[in-house]
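Please read the following note with the structure open beside it. The points move from the contact between two chains to one part of a single chain.

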Amino acid sequence: MAVLQFREALMQAIDEEMDRDEKVFIMGEEVAEYNGAYKVTEGLLDKYGFRRVIDTPISELGFSGIGVGAAMNGLRPIVEFMTFNFAVLAADQIINHASKVRYMLGGQASVPIVFRGPNASAGQLGATHSVAYDSMYAHFPGLSVIYPSEPDDAKGLLKSAIRSDDPVLFMESEQMYGLKGEVSEAEDYTIPIGKAKVKREGSDVTVVASGKMYHIAKQAASELEKDGVEVEIIDPRTIKPFDIETVVNSIKKTNRCVIVDEAHPFGGMAAEVGFLIQREAFDYLDAPVQRVTLPDVNAPFSKPLFDLWLPDAKNVIEAVNTVTYRK
Amino acid sequence: MANKEQEAIFTPIGLNNSENGKIDKSVKLPPVTKKKHKSLGLSEDDVIEMYRLMYLQRRFEERAMQMYQKGKFGGFLHLYIGQEAVSTGTVFALNDDDDIITAYRDHGWGLVRGITPNEGMAELYGKATGCSKGKGGSMHFAKTENHFWGGYGIVGGHIPIGAGLAFANKYQDNGRIATCFFGDGAVDQGSLHESMNIAQLWKLPVVFVVENNGYSMGTAARRHTVGEIHERAKGYGMKSALFNGMDALTVYENMKNIADEVRKESLPYFVEIRTYRYRGHSMSDPQKYRTKEELQEYQKTDPVERMKSYLLDEGIVKQKKIDEIEEVVEKEVMDSIDFAEESSFPEPEALYEDMFTGTSHFHDDRR
């Protein structure tokens, strides 16, 4: 194992896959000469040159569509968004084209493409830079959505995403790029898409949390441990396909569940997983499933309001207290 | 604020618009080429085949329209009738492995790029034997093995994809170019402008072609966009061309020169081809936005009739040969209706097929 930053793990994955397959290339705003807005692509230009590491204009719709066309015509593009908040401008290419071309042409084309970049909020950036899009894209058939929380997951899953023959959205966080963690040094290290991981074992309550929310769940678990509550944390890692089996198996042991989701409440991952749990594990539940999400409110700028808006460990603890009837 | 008498007007008025009592045409057609097929490098067999393909597109769609009106199939049906010279001239001008992508008015393109009438008609009927296995319908004809990447239903949505096809060709240095066709309505979409900027910046071997048929659905070109469409290229420093799309030889001549240059120089091109759509936008279009007189004016320049007259006037064929071609095409089209009607609908399992190239995953799949 090597200790790497999240961004270094991503960079290794991209580097290894570009080295392995000449059809893989990366494009996006500031990926080449600037070395990546968040330094994920640092050094790649020097190694692979301007043909395979391509700076784009600020034209999300245009370069995403070029990626889709290039994927249909034999390449494996990695399209970097400076944030998924900007990818809304490219939604037509992701939702109407990348996910649908193969089906509507009766299987005559493939779209092996990765759209990646930071997701959700990253401090006081205001309403248009702070939305979590993983649940929204997971709504659409044909797309896989990955939102890892730790460097090891990031590397193994990004390599799998690049090798996928179908479109994948790979979500990161500005606030996690500097996060350090142990990363497997196994040769050709990949993690299968669609497999959750039990990241902390516990017998009292199951907490489901991915991406940045995993870390607040972890904080909450440490606090709760002091009170004698043992939390089992499941990181789905992949939002779609969602590994409900691992969650249900955990609930069979804990009989209680809290879902932490950085999206707004309506129709998000928490809503969907909550539904599946009530159907698949109804008889095992000792309390209604609780969720911790953003409120149905846009991101405010002002620090106290922003802190109130974003889910934190305290919110998770409250939810755990509710499902364990500790208050 | 304007009162009733001085009502603010936004979109220019189109109805009953005339200049000096003459119909104000929605598209003004540039002159056709004076060159004969030989000096364009086309053989007699080539022009005969061009006629056959144009007649096939025309009859295929006329019959499809009848079947649609009889309620044989549903969905949208956007007819290409009147524009056949554009697809035909272009396909002859391109190499067979050059890429073509177009919008939803795609039947003609498919037929010229090797979708058989059977595969086409069956697709309209939603049958498993259709070119897209009945999954796409009228708007999504495709034959990717022939480098026809299909018809697309979001206006302007396929324009960046066309640039992407060209990107992959350049990246792989395979000598192919990509051509991307869309209507005058798509000119107003931001996707075109982003694609043009990037294509010029990255020197992508792509030809963006506006088939200006005079109407963005029911809104005349002069009512939905400013200036001359082909002049947009200037803003991007892109080469451009404007020519008549009612004559297959004119389309061939221009597209051949453009394709050669795009291939040699690896540069994009922006082309406005002026043509005319005889039928409504789709089958539900009452066509209240144009006059019968205007339609009749353009029908005088009919591309299919023009090619037939050319073959006869140049002594390439006699009427008997024309009759033979038309008879064969007619039979082929009628047979395609039988084929479509006799073909099976996709099996229920097909619902879940063709979603993924790799491992399939369907959320909450309880089959």
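At roughly what angle do the axes of helix 3 of chain A and helix 5 of chain B cross? The points below, which concern a predicted model, begin with that crossing.

1. The axes of helix 3 of chain A and helix 5 (residues 159–172) of chain B cross at roughly 55° and come within 6 Å.

2. Residues of helix 3 of chain A, including A:G65, A:G69 and A:M72, meet residues of helix 5 of chain B, among them B:P160, B:G164 and B:F167. Where these two helices touch, the residues comprise eleven nonpolar, six polar and no charged.

3. The whole contact draws 38 residues from chain A and 37 residues from chain B. On the side of chain A that touches chain B, helix 3 (60–72), helix 4 (91–98) and helix 5 (101–104) of chain A each contribute at least two residues. Helix 3 of chain A gives the most, with ten residues. That side of chain A has 15 nonpolar, 17 polar and six charged residues.

4. Within chain A, helix 3 lies across strand 2, strand 4 (76–80) and strand 5 (114–118), and runs at about 165° to strand 4.

5. Chain A has an open, mixed sheet of seven strands in the order 3-2-4-5-7-6-12. Its edge strands are strand 3 (53–55) and strand 12 (238–240) of chain A. Strand 2 (residues 24–28) and strand 3 of chain A run parallel and are joined by three bridges; A:I26 has A:V53 as its bridge partner in strand 3 of chain A.

Notes
Residues are numbered from 1 along each chain as its sequence is written. Chains are lettered from A and ligands numbered from 1 in the order in which they are written. This is a predicted model: local features need pLDDT of at least 70, side-chain atom pairs count only at pLDDT 80 or more; totals for chains, interfaces and linings use all residues. Two residues are in contact if their C-beta atoms, placed from the backbone, lie within 7 Å. Helices (H or I, at least four residues) and strands (E, at least two) are DSSP runs, numbered from the N terminus. Ala, Val, Leu, Ile, Met, Phe, Trp, Tyr, Cys and Pro count as nonpolar, Asp, Glu, Lys and Arg as charged, and the others, Gly among them, as polar. Axes are lines fitted to C-alpha atoms, for helices over the stretch in contact, and angles run from 0 to 180 degrees between N-to-C directions. Two strands pair if DSSP finds at least two bridges between them.
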